[in-house]
Amino acid sequence: MRIAVLPRGPSEGAVRDAVERLSHVEPGAFLVVSCYLKLEPRDKTRGKYLIKMKNRVRQSLEELDRLRAERRLREQVAGDLERVLKFFEEPARLPPARGVALFACGTLGLFDVLPLPHVHRSRLAVRPVPLIGELVALEEEFGTVLAVVCDRKGARFFEVTAYDVLELPGLIVPSGRASSLHNSNHVTGERHHHMRIREEKQRLYAAAADQVFRIHSERPVAGVVVAGVGVDAGGLLPHLHTYLHDLVLGVVRLNPKRASPLEIRDAALALREERERAWERAHADAVREGVGTGWAVNGVEPTRAALARGQVRTLLADGLAVDERIDDAIEDALAERAQIDVIYDERARRAVDGLAALLRFRR
């Protein structure tokens, strides 16, 4: 059997190649196991991810028994599920990513493992073809996050995407001007020296803000992360153009000279996750208000009915509930190109009865 374990970290090219390959699988005398698994820190605590996967494997086998699947198919799927479990039972095999997708089918000689930067919800399905909707939607949903790391001598800019981080041309204070900031013999007194430093810093922040505006104008970003040292970490914020303020995901403390692209990417992903929790609470509040006016539905069956009618604008799914109908609804929402919010925030979960949705139109 061919086992394709793609690069240890998320790779845009590898995922696109896998999507191209998997999309050509046609239904036949076999079934395909599709697995998406969250591997964020809370999922790795005490092996939670493995417990979830064992439960889903058991449920899949019980479903095959319930449907009285042919013995040949059941044996094929049971073998594939056993290989999936063996893979996840060895922690050293897990990629250093926040999620992983795995597709297995012994009949096709298929066992593909794809590290991912994000997974909506841990789930496992056995279907005639691979479920690749989340792979297709991931890059578009994530967008581009622009990270700006500043101190008074310069600014560095990074584009963070679902699979990569790219450093863009930065801004540097000319060496002659920077060195004059440290030479108080050229100014009158210590007070003027510190005023000069503040002025230089503010001019750099203004120039950096203009650069952020230009980048966003050329290729719109989905979020902005600001970083720096100590109390000055957020010094850029007052200089950003007003309509960019809503895109700010947060501020982190990083050394502008030493920060690596990987550190920048990790910081951007962490802040994006925090923003997702805020979105969850906001959307849960919108469901509470919308149910009474007909602009939202709550509950598994009402939401599935709304999906079938093409009404769903934003799907809210309980991230912890064990219900195959929720997993199916996520696949349906991906096919409908609806926004998906999988709810992990405890307060937001209390407002969602398994599934809920904000609607495009009322009946």
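**Entry 1: pockets.** Before looking, I reminded myself what I was counting: a pocket is an open set of grid points where a 1.4 Å probe fits, with protein on both sides within 12 Å along at least five of seven lines. I also kept in mind that this is a predicted model.

I looked up the largest pocket and found a volume of about 720 Å³. Its lining has 30 residues, and H120, E141, F142, Q339 and I340 are the closest to its centre. I then asked which elements build that lining: α5, α8, α10 and β13 each give at least two residues, and α5 supplies the largest share, seven residues. By class I noted 15 nonpolar, five polar and ten charged residues.

Next came the second largest pocket, with about 240 Å³ of space. Among the residues lining it are R42, K48, N55, G319, Y344 and E346. Helices α2 (41–44) and α3 (48–66) each provide at least two lining residues, with the largest share, five, coming from α3. Here I wrote down four nonpolar, two polar and six charged residues.

**Entry 2: helix α10.** I turned to α10, which runs over residues 324–335. Its twelve residues reach 17 Å from first C-alpha to last, close to the 16 Å expected. Which of its residues are buried? I found I326, D327, A329, I330, E331, A333 and L334. The cover over them includes α5 (133–142), α9 (300–308) and β12 (312–318), along with strands β5, β13 and β14. Just after the helix, I spotted R337 with a positive phi of about 60°.

**Entry 3: I343.** I found I343 in strand β13. Is I343 buried or exposed? I put it down as buried because its relative accessibility is 0%, and the cut-off for buried is under 20%. Beyond its sequence neighbours within four places, I343 is in contact with E280, L316, A317, D318, G319, L320, A348, R349 and V352. I also checked I343 against G13: they are 330 residues apart along the chain, and their C-alpha atoms are separated by 29 Å.

**Entry 4: nonpolar cores.** The largest nonpolar core has 38 residues, and F103, L116, L135, V225 and I264 have the most contacts inside it. Helix α8 (residues 261–293) gives the largest share, five residues. A second, separate core has 25 residues, including Y49, V84, F87 and L102.

Terms used
Residues are numbered from 1 along each chain as its sequence is written. This is a predicted model: local features need pLDDT of at least 70, side-chain atom pairs count only at pLDDT 80 or more; totals for chains, interfaces and linings use all residues. Side-chain values use heavy atoms; hydrogens and water are left out. Helices (H or I, at least four residues) and strands (E, at least two) are DSSP runs, numbered from the N terminus. The expected span of a helix is 1.5 Å times one less than its number of residues. Buried means under 20% relative accessible area, exposed over 50%, partly exposed in between (1.4 Å probe, protein chains only). Contact means heavy atoms within 4.5 Å. A nonpolar core is a set of buried Ala, Val, Leu, Ile, Met, Phe, Trp, Tyr and Cys residues joined through side-chain atoms within 4.5 Å. On a 1 Å grid over the protein atoms alone, a cavity is a set of points where a 1.4 Å probe fits but cannot get out, and a pocket is an open set with protein on both sides within 12 Å along at least five of seven lines; lining residues have an atom within 4 Å of a point. Grid points are joined across faces, edges and corners, and a volume is the space filled by probe spheres set on the points. Ala, Val, Leu, Ile, Met, Phe, Trp, Tyr, Cys and Pro count as nonpolar, Asp, Glu, Lys and Arg as charged, and the others, Gly among them, as polar.
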